Amino acid sequence: MKILLNFSREKYLKVTLGAVGLREEIEQVVEKVYQKGFKNIFLIGSGGAVATFYPFEFMINSTSTIPAYAEIAAEFVLQNHKQFTEESLVILSSLSGTTAETVAAAKYCKDKGATTIGLTGEYNKPLADTVDFPIVNFAENDFASDSNQLILYLLTFKLMNKNGDFPNFEAFAAQLADLPEKLIKAKEQFEAKAEEFAVAFKDEPYHMVVGSGSTWGRAYSYAMCVLEEMQWIKTKSIHAAEFFHGTLELVEEDTSVILLKGEDETRPLMERVERFAEKYTKKLTVLDTKDYELEGISEEFRKYLSPIVTSTLLQRLSVQLEDKRNHSLEIRRYYRTVAY
Ligand SMILES: N[C@@H]1[C@@H](O)[C@H](O)[C@@H](COP(=O)(O)O)O[C@@H]1O
């Protein structure tokens, strides 16, 4: 077993096994939701929470006939979305349970008569108190995204399974139960590379983070919620396909480009950026989920796991950057600090 910087194996397993341990409860919620019936799924949150939904929106829309829409809470309540009705199923997420925009969206959805599920870290907080079905797993910022994704795999893939779109749910759920240990192995394998990156890039003034398909949301949130919010480094998240429609003009030989390569159908989009970046910058970093064995995970499920493998690796990068840059992941100048 390798020692990882500032990492508690016990704490990680407590959070992630807590998430997969919710399977029975989640399946009961799915039964109840199907009894009432629904026509589409809305996935609503703010910041990192809505970013975590983006891969699931992508996966639902490419696996199932249930229409799925990931929406930013504050915009959703203003938009008057015409696909949203009392026959919508809404899944909201807020770790703190207190993000005002997300709580307001939950109330909006309830008032319209839609069915609401809330993923959150604690009971007796506004989100859990508002939704029809709170699904609660305690986590702190560091492991929240792994926890949320594990819950979302169980929830959304069971919903698709009931809809007749994902017949192998049983095997998938069984493999998810063992995933946390494999994610730790992936972290261990990545650690030296994470440290090397942090040493080499600690004073880098700007990064481009590129993703596509089920890693696009991870690119969006890593840029905004970690490199910008927690490390105060200027960063642009770019979708691999969009990269060729503008951002490429800024690539010079010393521009840091970070690629989050996953294993879904959109991988060729990432390969195209990789071929370009190899030619024009010396500072290319590639995180590729394919490099991680995840022993015992069926080939057919690997593409779905790209976002959680990516986020579990990126979490190591955050810890290494915090250390080498001497900039705590906890400090904020403005976020939840001043009024805005
Ligand atoms: N920048 C922060 C994110 O770091 C956080 O993930 C998000 C949601 O927080 P919560 O899950 O508590 O609603 O809020 C903000 O957007």
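The model is predicted, so local features need pLDDT of at least 70 and side-chain atom pairs count only at pLDDT 80 or more, while totals for chains, interfaces and linings use all residues. Residues are numbered from 1 along each chain as its sequence is written, and side-chain values use heavy atoms, with hydrogens and water left out.

**Nonpolar cores**
- A nonpolar core is a set of buried Ala, Val, Leu, Ile, Met, Phe, Trp, Tyr and Cys residues joined through side-chain atoms within 4.5 Å; buried means under 20% relative accessible area (1.4 Å probe, protein chains only).
- The largest core has 80 residues, and Ile91, Ile117, Tyr153 and Phe157 touch the most other members.
- Helix H7 (residues 141–162) gives the most to this core, with 11 residues; helices here are DSSP runs (H or I, at least four residues), numbered from the N terminus.
- Another core, of 15 residues, lies apart from it and includes Met208 and Phe276.

**Contacts of Ile117**
- Beyond its neighbours within four places in sequence, Ile117 is in contact (heavy atoms within 4.5 Å) with residues including Val29, Ile91, Phe133 and Leu155.

**Helix H13**
- H13 is largely enclosed by the rest of the structure, because 20 of its 27 residues are buried.
- At Leu305, H13 bends by about 55°, the angle between axes fitted to the seven residues ending there and the seven starting there.
- A proline, Pro307, follows within four residues.
- After H13 comes Asn326, with a positive phi near 55°.

**Cysteines**
- There are 0 disulfides, counted as pairs of cysteine sulfur atoms within 2.5 Å.
- Cys109 is buried at 0% relative accessible area, and Cys225 is buried at 14%.

Key. Buried < 20%, exposed > 50% of the residue type's maximum accessible area, 1.4 Å probe, protein only. Helix = DSSP H or I, 4+ residues; strand = E, 2+ residues; numbered from the N terminus.
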